[in-house]
Amino acid sequence: MTISFNTVNANLRVPGFYPEMDNSAANTLQASGPALLIGHALPTAQMTLNSPMIMPSAEMIQQLAGRGSQLHRMVQAYRRIDAVGELFVIAVPETMGTEAKGDITISGTATDSGVVTLYIGNQRILAAVKKSDTANTVAAALGKAINDNEDLPVTATIDADKISLTAKHKGLTGNDIPLMMNYYSPTGGENTPHGLNITITAMSGGAGSPDMDSVISAMGDLLFDFIGLPFSDTASLQKMSAEMNDTNGRWSPYQRLYGHVYTAKKATVGELVAFGDTFNDPHLTIAGYEKATQTALDELVAARLARCAIFLRNDPARPTHTGELNGVLPAPSGKRFTLTEQQSLLSHGIATANVEGGVLRIQRDVTTYQKNSYGVADNSYLDSETLYTSAYILRRLKSVITSKYGRQKLADDGTRFGAGQAIVTPAVIKGELCAVYRQLENEGIVENFDAFRQHLIVERNANDPNRIDVVFPADYINQLRVFALANQFRLQYNQGEVV
């Protein structure tokens, strides 16, 4: 008998029909890891800290993490875009720092009726104003409206004509909670009633970041393709970079977990450029936003993560640009980065967004990788789609090899053996890899099959007869990002130009 069975005994003597199941050639499924959001629950929440938890809905996280908590708002922002994708959260303990604080000071007396319109992040707070209302009266009404909305990231205390706001969480992220009056301006129907003057002191003073070692330990060996991190301080990002690295991290040959980290930062162009130049990590995308962006930074992270998750789960090689960030309020017109500034950001490892039709959209998701180990400019990992394409291909190859050749014997090419034997040769592996490449080409993941086959190397290791060594020279498909056109117009074709 030459056929290799896995479970049917070769010396079986009892008569009967003994079918053996073999799924080695049937597997067509490829794992697509879930998304992960990392953030704070309220100190009073009963949620288990530093423990991954699947999170199907914003309603569930509201009950567990508390209304207005960082995780509650992040999951809300995520689920506005990705309603069905698999999502996990990890609640991290409060930092040892301080809460950010801001002020709203009101003066004057209303000379007509109207509405005071305050934006805390992307949430609008309204307070009715009657003619002759004093500053104290308006402050009391506005402060009550703030505290009545438990979904806000801040709480308010009122002292006469002043409202003091305090972030619900300690740490640097509280400084990025934007405050603004009349986001849509009088043109959009928002204006402060005459006679009142309202002055805003931006949120500031928040200090501290969480212990990322505990977060990374909680992640363990779970698969997370999309990791949303609201903590964009250098120490936190360096810790995550170490977790993702190619040598002994999630992208190493030994873990093979892959995944990508998304975070965000609000700052001036100069500050963002300087910040981007401090990193060189292909597994990290830092999205840079204008300081006037009217959405909290943690919610920007969650929204972008959700949009990328939807796009890249469907096709890892298709560009994410133009992806709409639903529910996000961009910086007002006139306070947005210009084309020249966007070019500078993208040249220094900072991903960008742009506004079309009043909607904030992904412009380009570059990584922070900019130079090779010799400090020479290197664009091989410029775009995050390259990493997702790599993970997709490597997982496909692992699936095929482990499914079909998991318990095979290895022989040299030309060895004569009976049909049905569980034996594989380098030539068989080479043919299998070519077949997989054809499938990937048909899916629009790679291109140039003939060149690939010419440069593909599959050989038996010279020192270990039980090992196959492969050079897999995949030519990744590219993305259409720039369309350049020379508009060579004429007012009239000359007679000699017309055929």
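Modeller: Residues are numbered from 1 along each chain as its sequence is written. In this predicted model local features need pLDDT of at least 70 and side-chain atom pairs count only at pLDDT 80 or more, while totals for chains, interfaces and linings use all residues, and side-chain values use heavy atoms, with hydrogens and water left out.

Biologist: Which element supplies the largest share of the lining of the largest pocket?

Modeller: A pocket is, on a 1 Å grid over the protein atoms alone, an open set of points with protein on both sides within 12 Å along at least five of seven lines; a cavity is a set where a 1.4 Å probe fits but cannot get out, and lining residues have an atom within 4 Å of a point. The largest pocket holds about 770 Å³ of space, and Leu397, Lys398, Ile401, Ile468 and Val470 lie nearest its centre among 22 lining residues. At least two lining residues come from each of helix H9 (384–404), strand E16 (409–410), helix H10 (426–442) and strand E19 (468–471). The largest share, five residues, comes from H9.

Biologist: What is the volume of the largest cavity, and which element gives most to its lining?

Modeller: A volume is the space filled by probe spheres set on grid points, which are joined across faces, edges and corners; for the largest cavity this is about 90 Å³. Of its 13 lining residues, Arg73, Thr173, Gly174, Ile177 and Asp298 are the closest to the centre. Helix H2 (70–79), strand E8 (162–170) and helix H7 (297–314) each supply at least two residues of the lining. The largest share, four residues, comes from E8.

Biologist: Which parts of the chain does the salt bridge between Arg460 and Asp412 tie together?

Modeller: The closest N and O atoms of Arg460 and Asp412 are 2.9 Å apart. Arg460 is partly exposed at 26% relative accessibility, and Asp412 is partly exposed at 42%. Since the two are 48 residues apart in sequence, the bridge ties strand E18 (residues 457–460) to the loop between E16 and strand E17 (423–424).

Biologist: Which UniProt domain annotation covers residues 377–490?

Modeller: Over this span the chain is 39% helix and 11% strand, and its end C-alpha atoms are 41 Å apart; helices (H or I, at least four residues) and strands (E, at least two) are DSSP runs, numbered from the N terminus. UniProt positions follow the numbering used here, with shortened feature names, and annotations may be inferred rather than shown by experiment. The unreviewed entry names the feature "domain: Tail sheath protein C-terminal".

Note on methods. Salt bridge = Lys/Arg side-chain N within 4 Å of Asp/Glu carboxyl O. Buried < 20%, exposed > 50% of the residue type's maximum accessible area, 1.4 Å probe, protein only.
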